[in-house]
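Subject: Handing over the structure, with notes on what was found

Dear colleague,

I am passing on the structure that you will find just below, and after it come my notes, written so that you can follow them with the model open beside you. Please read them slowly and look up each residue as it is named.

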Amino acid sequence: MAPRHSPEADCRGAGVELPVGRWCAAALLVCGGRYLMQLRDDKPEILLPAHWALFGGSLDPGEAAAAAMRRELAEELELPARQIIPFTEMRIVLPLDPPRLDRMSFFVVPIDQDDLAAMVQHEGAGKRLFTPAALAREKRVAPWDLAAVLMHARGAALFGGR
């Protein structure tokens, strides 16, 4: 069965570019080669319920992505991040009805065991550290977050010594 519409046709085929529907910041919280992920709430009204995802959220109007990252980490985990290092950005068209273009800014945030012990989670159904391989085996994980984790974990092999 063919999809009802093609996001590619909606964005490029007709010469129309979708405006950014949502701009988000997400944290690659890295602890000893593992990545801290949030289990999203199992609520049917949210995107990807009961999926593993990075911590983060939408930018407020006029807010810079790094500032949003700091705010989200404080709100969601009571984490005062020492470092927020820009990593990559993605723009994806979600095949919703109608399609939505999202811009996602990813940041590396190094954490340690003391940070983990001090975290108080205020959003989501849980959190867990994953190796990249274990995360890739999960059936319910936000695909763009998995892509960012794998890009970061395999950075030297993919991008050289940068």
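Before anything else, a word on terms: a residue is called buried when its relative accessible area is under 20%, exposed when it is over 50%, and partly exposed in between. By that rule Asp60, with a relative accessible area of 40%, is partly exposed. Please also keep in mind throughout that this is a predicted model.

The overall picture

The protein chain contains 6 helices and 7 strands, and if you read along the sequence, these elements follow the pattern α-β-β-β-β-α-β-β-α-β-α-α-α. The chain has 162 residues, of which 40% count as buried. Its accessible surface comes to about 9100 Å², and 56% of that surface belongs to carbon and sulfur atoms. Among the contacts with a separation of 6 or more, 67% are between residues 24 or more positions apart.

Salt bridges

Side chains of opposite charge can pair when their charged atoms come close. How many salt bridges does the structure hold? There are 9 salt bridges in the structure, and I describe some of them here.

One of them joins the side chains of Glu17 and Arg91, with a distance of 3.6 Å from N to O. Glu17 lies in the loop between helix H1 (7-13) and strand S1 (20-31), while Arg91 belongs to strand S5 (residues 85-94), so this pair ties together parts that are 74 residues apart in sequence. Glu17 counts as exposed because its relative accessibility is 51%, whereas Arg91, with a relative accessible area of 48%, is partly exposed.

Another salt bridge is formed by Arg71 and Asp60, whose closest N and O atoms are 3.5 Å apart. Arg71 is in helix H2 (residues 65-77) and Asp60 is in the loop between strand S4 (55-58) and H2, so that the pair, 11 residues apart, links distant parts of the chain.

The side chains of Arg82 and Asp112 also meet in a salt bridge, at 3.7 Å from N to O. Because Arg82 lies in the loop between H2 and S5, and Asp112 in the loop between strand S6 (100-110) and H3, this pair ties together parts that are 30 residues apart in sequence. Arg82 is exposed, with a relative accessible area of 53%, and Asp112 is partly exposed, with a relative accessible area of 31%. Salt bridges that share partners also join Asp60, Glu63, Arg71, Glu72 and Glu75 into one network.

A buried aspartate

Is Asp115 buried or exposed? Asp115 counts as buried, because its relative accessibility is 11%, and the cut-off for buried is under 20%. Asp115 lies in helix H3 (residues 113-118), and, leaving aside residues up to four places away in sequence, Asp115 touches Leu79, Arg82 and Pro110. Asp115 and Ala81 are 34 residues apart in sequence, and their C-alpha atoms are 9.0 Å apart in space.

The largest pocket

Rolling a probe the size of a water molecule over the atoms shows where empty space is left. The largest pocket has a volume of about 460 Å³. It is lined by 27 residues, and the closest to its centre are Arg22, Arg40, Leu54, Gly56 and Gly57. The elements that give two or more residues to this lining are S1, S4, H2, S6 and helix H5 (143-153). By class, the lining of the largest pocket is made up of 12 nonpolar, 5 polar and 10 charged residues.

Backbone details

Where is Pro98 placed? Pro98 sits in the loop between S5 and S6, and the peptide bond that leads from Asp97 to Pro98 is cis, with omega near 5°. Leu48, a residue other than glycine, has a positive phi, near 55°, and its place is in the loop between strand S2 (34-39) and strand S3 (52-53). Ala50, which is not a glycine either, has a positive phi of about 55°, and Ala50 is also placed in the loop between S2 and S3.

With best wishes,
A colleague

Methods:
Residues numbered from 1 in each chain as written. Predicted model: local features only at pLDDT ≥ 70, side-chain atom pairs only at ≥ 80, totals over all residues. Heavy atoms only, no water. Helix = DSSP H or I, 4+ residues; strand = E, 2+ residues; numbered from the N terminus. Buried < 20%, exposed > 50% of the residue type's maximum accessible area, 1.4 Å probe, protein only. Contact = heavy atoms within 4.5 Å. Areas by Shrake-Rupley, 256 points an atom, 1.4 Å probe, with all protein chains shown as cover. Salt bridge = Lys/Arg side-chain N within 4 Å of Asp/Glu carboxyl O. 1 Å grid on protein atoms, 1.4 Å probe; cavity = no way out; pocket = protein on both sides within 12 Å on 5 of 7 lines; lining within 4 Å. Points joined across faces, edges and corners; volume = space filled by probe spheres on them. Nonpolar A, V, L, I, M, F, W, Y, C, P; charged D, E, K, R; others polar.
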